Amino acid sequence: MAYLAPREFVTKMVDAGESKLVMSTRDTLIRAYMAGAILALAAAFAVTINVNTGNVLVGSLLFPVGFVMLYLMGFDLLTGVFTLAPLAVIDKRPGASWGGVLRNWFLVFVGNFAGALTVALFMAIISTFGFSEAPNAIGLKLGDIGVARTLGYAAHGGAGMLTLFIRGMMCNWMVSTGVVAAMMSTQVSGKVIAMWMPILVFFYMGFEHSVVNMFLFPLALMMGGKFTIADYFIWNEIPTVLGNLVGGLTFVGATLYTTHYKTAPSRSISF
């Protein structure tokens with residue numbers, strides 16, 4: 001499947017990070033909006049499967065279809081640019097700066113949120129016949145998710161916050177592995193297979209993805225979830241974003257860059 005060696009795909013990672021920093025504001029927002037919308041639709045798809053089948057594994061097996069679609073179309077998730085954009089600065093690419101990285105992160109966050117919120121509104125309309133009746137079973141499930149993954153963490157105080165942060169870290173360890181996996185092959189089949197595996201792991205394990213949550217929690221509030229917007233940001237979105245940042249940049253970006261791009265000198269062998 002035209003597998004690329006680590007040195008080759010890590011070079012592509014740095015090149016991709018540089019391209020994010022020079023991209024126009026318009027293109028960055030459009031690509032981020034579409035990524036947020038497609039991932040949100042995939043999350044709605046997976047929850048629908050889970051409700052209709054009662055089998056979480058089936059939904060997890062099929063959720064990666066959204067991730068595959070958005071990356072094959074060249075759209076950007078916040079979790080991916082957390083990992084790729086800083087590499088251009090670390091590699092001292094001309095014109096790359098931390099200011100440019102922060103600009104990219106902000107624009108992608110805004111675009112992802114707008115896209116996810118759009119799909120949340122669409123799903124709320126579908127689940128309630130245009131807000132004319134009570135939510136259906138899928139809407140109720142989404143409301144339950146919102147409560148469990150905000151107030152559920154808050155009930156444990158500092159331990160809940162730590163758990164949330166670690167779940168965010170582990171999520172982007174897997175998701176950014178999926179981003180990089182797409183660069184390991186030059187053929188669509190190879191890219192799809194490589195991306196599918198880590199995304200399946202993240203979703204089934206219940207790790208916290210900041211962009212998926214941009215869809216789940218606003219929709220849960222529309223469905224009557226008994227938590228507040230403040231609960232959502234304090235007890236989910238903000239710690240999840242920070243965990244995603246640390247997990248993707250340390251466990252994927254920095255490690256691959258250090259060992260496959262800026263390798264340490266080979267040790268001498270004495271006899």
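Predicted model: local features only at pLDDT ≥ 70, side-chain atom pairs only at ≥ 80, totals over all residues.
View 1. R93 and D91 form a salt bridge in which the closest N and O atoms are 2.9 Å apart. Through salt bridges that share partners, D15, E18, D91 and R93 are joined into one network. The structure holds six salt bridges.

**View 2. Salt bridge between R149 and E208.** In the pair formed by R149 and E208, the closest N and O atoms are 2.8 Å apart. This pair links distant parts of the chain, 59 residues apart. R149 is in the loop between α7 and α8 (151-154), and E208 is in the loop between α10 (188-204) and α11 (210-222). E208 is buried, with a relative accessible area of 0%.

**View 3. Salt bridge between D27 and R26.** The closest N and O atoms of D27 and R26 are 2.9 Å apart. R26 counts as exposed because its relative accessibility is 58%, over the 50% cut-off.

**View 4. K92 in a loop.** K92 lies between α5 (78-90) and α6 (98-128). Phi of K92 is near 60°, a positive value in a residue other than glycine. K92 is exposed, with a relative accessible area of 72%.

**View 5. F131 in a loop.** F131 is located between α6 and α7 (137-148). Although F131 is not a glycine, its phi is positive, at about 65°. With a relative accessible area of 47%, F131 is partly exposed.

Technical notes: Residues numbered from 1 in each chain as written. Heavy atoms only, no water. Helix = DSSP H or I, 4+ residues; strand = E, 2+ residues; numbered from the N terminus. Buried < 20%, exposed > 50% of the residue type's maximum accessible area, 1.4 Å probe, protein only. Salt bridge = Lys/Arg side-chain N within 4 Å of Asp/Glu carboxyl O.
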